[in-house]
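Dear colleague,

My findings follow directly after it.

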Amino acid sequence: MLHHYDDATQMVAVNLLYDVGSRDEQPGKTGLAHLMEHLMFTGSTNAPGFDAALQAAGGESNAWTNVDMTNFYETLPAHNVETAFWLESDRLLNLSLSHESITTQKSVVIEEFKQRCLNVPYGDLVHIVNRLAFTNHPYRWPTIGAKIEDIENVSSQEILDFFHRHYAVNNLILCVSGHIDFEQTVSLAQKWFGSIQPRALNPRRLPVEPRQQEPRFMQIGNAEVPQDLIYMIYHMCGRGDADYQACDQLSDILSNGTSSRFYRNILVKTGLFTELDASITGTYDPGLFLIRGRLAEGVGFDEAKAAVALELRHLLDHGVTEHELEKCSNKFQSSSLFETVGYAEKAVKLSKYELLNKAEDINFEIDKYRALTPERIGTVATKLFDERNCSTLYYGPNA
């Protein structure tokens, strides 16, 4: 259990992070973690209306799922905080997984799949990019699932098994943040969660993604989208790896702001792209470094790729500057501070750090960025931007 006292508010956030995401699914049974998130709001034995009970206490709730974790949180006035403890405890012990609720939530998730992935331009890209980059690891499908049929065909028993396998008091991190002292937090946690018996959890044994030994290429043409897109996808380390901060800095050096290299040297000078950015997936297991460009009208894919490759080659040959590192570290520090201004945001972030290693690491993250040197960045960039480590996607009406 984690606690953070904040006397700047009269509210409290109760945050529960479960150590389960779409990486814990099996081929043919994908989308279960996201579906389970929806089902957690269908009510429990003693609280058939989860949201109604919370709103009566002046609170609100929400949740999200990604490839690594599932997070639930409630924010409510401090004097009504016990309502959140009761609701979370009851749905962990007595969740109502009726045939009607499962059928309803399946339909909701399937419609979400259609709206996000099938009926919108570029909606299928997350599926395509993941399948191109990963051959073995469960990251090869997105959180919403690999295909609609997986959600349609999952049985009630399989859903129940998934719930009991992952939704356990010994598989969650409880963080309480806001206007509540430590003693009251401990008392409420013991009252509502102390008697819940832990479950036997199977150790996580995920398939290891083999090292990419040669470049990959995929071309998808005649896509009904406004503009051509190019992706250059590189495998990178996981969130807890020593190289993670260097990869993050590289993405900022290349594309964060109008002083970044992509903006100054490609977007402004060449006119080949209308958008060009670099980002990282930030996953706990080894993930991806993504370069994504939206091509200007009439520009060929090979020409666009050559411009990006030339900029990467210049970085590898000449390195980065101390000024670039300092600028990006300053941006990281300021954005991190803004991300934890609110009591609810603090609860989420502390839970994430606890899942990764320990919550106290949040205080030393900036030190890891400040410690980076041009030489260290160069070493990581050389390994990262190896052509054999690159998967390229040409996508659009003219691909």
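Strands S7 (residues 229–235) and S10 run antiparallel and are joined by 6 bridges. Within this pairing, Leu229 has Tyr395 of S10 as its bridge partner. Please note that the model is a predicted one.

S10 is also joined to strand S6 (residues 216–220), here by 5 bridges and in a parallel arrangement. Strand S10 itself covers residues 390–395, and because 6 of its 6 residues are buried, the strand is largely enclosed by the rest of the structure. Cys390, Thr392 and Tyr394 point one way from S10, whereas Ser391, Leu393 and Tyr395 point the other way.

At the S8 end, 7 bridges join S8 to strand S9 (residues 288–295), and the two run antiparallel. Ser279 has Leu290 in S9 as its bridge partner.

Turning to helix packing, helix H9 (residues 244–255) meets helix H15 (residues 374–384) at an angle of about 85 degrees, with the axes 9 Å apart. H9 is therefore roughly perpendicular to H15. On the H9 side, Ala246, Cys247, Gln249 and Leu250 take part, and they meet Ile377, Val380, Ala381 and Leu384 of H15. By class, this contact between H9 and H15 comprises 7 nonpolar residues, 1 polar residue and no charged residues.

The axis of H9 also comes within 4 Å of that of helix H10 (residues 261–270), and the two cross at roughly 40 degrees. This angle makes H9 oblique to H10. Ile253, Leu254 and Ser255 of H9 form the contact with Arg261, Phe262 and Tyr263 of H10. The residues of the contact between H9 and H10 divide into 4 nonpolar, 1 polar and 1 charged.

Two residues deserve a comment on backbone geometry. As a general rule, most residues other than glycine have a negative phi. Tyr122, however, has a positive phi near 70 degrees, and Asn222, also not a glycine, has a positive phi of about 60 degrees. Are these residues buried or exposed? Tyr122, in the loop between helix H4 (99–118) and helix H5 (125–133), counts as buried because its relative accessibility of 16% is under the 20% limit. Asn222, in the loop between S6 and S7, is exposed, with a relative accessible area of 70%.

A further loop residue is Ser22, located between strand S2 (11–18) and helix H1 (32–39). Ser22 is buried, with a relative accessible area of 0%. Apart from its neighbours within four places in sequence, Ser22 is in contact with Ala33, Asn66, Val67, Pro138, Trp141, Pro142 and Thr143.

With kind regards

Definitions and conventions. Residues are numbered from 1 along each chain as its sequence is written. This is a predicted model: local features need pLDDT of at least 70, side-chain atom pairs count only at pLDDT 80 or more; totals for chains, interfaces and linings use all residues. Side-chain values use heavy atoms; hydrogens and water are left out. Buried means under 20% relative accessible area, exposed over 50%, partly exposed in between (1.4 Å probe, protein chains only). Two strands pair if DSSP finds at least two bridges between them. Axes are lines fitted to C-alpha atoms, for helices over the stretch in contact, and angles run from 0 to 180 degrees between N-to-C directions. Angles under 35 degrees count as roughly parallel, over 145 as roughly antiparallel, 65 to 115 as roughly perpendicular and the rest as oblique. Contact means heavy atoms within 4.5 Å. Ala, Val, Leu, Ile, Met, Phe, Trp, Tyr, Cys and Pro count as nonpolar, Asp, Glu, Lys and Arg as charged, and the others, Gly among them, as polar.
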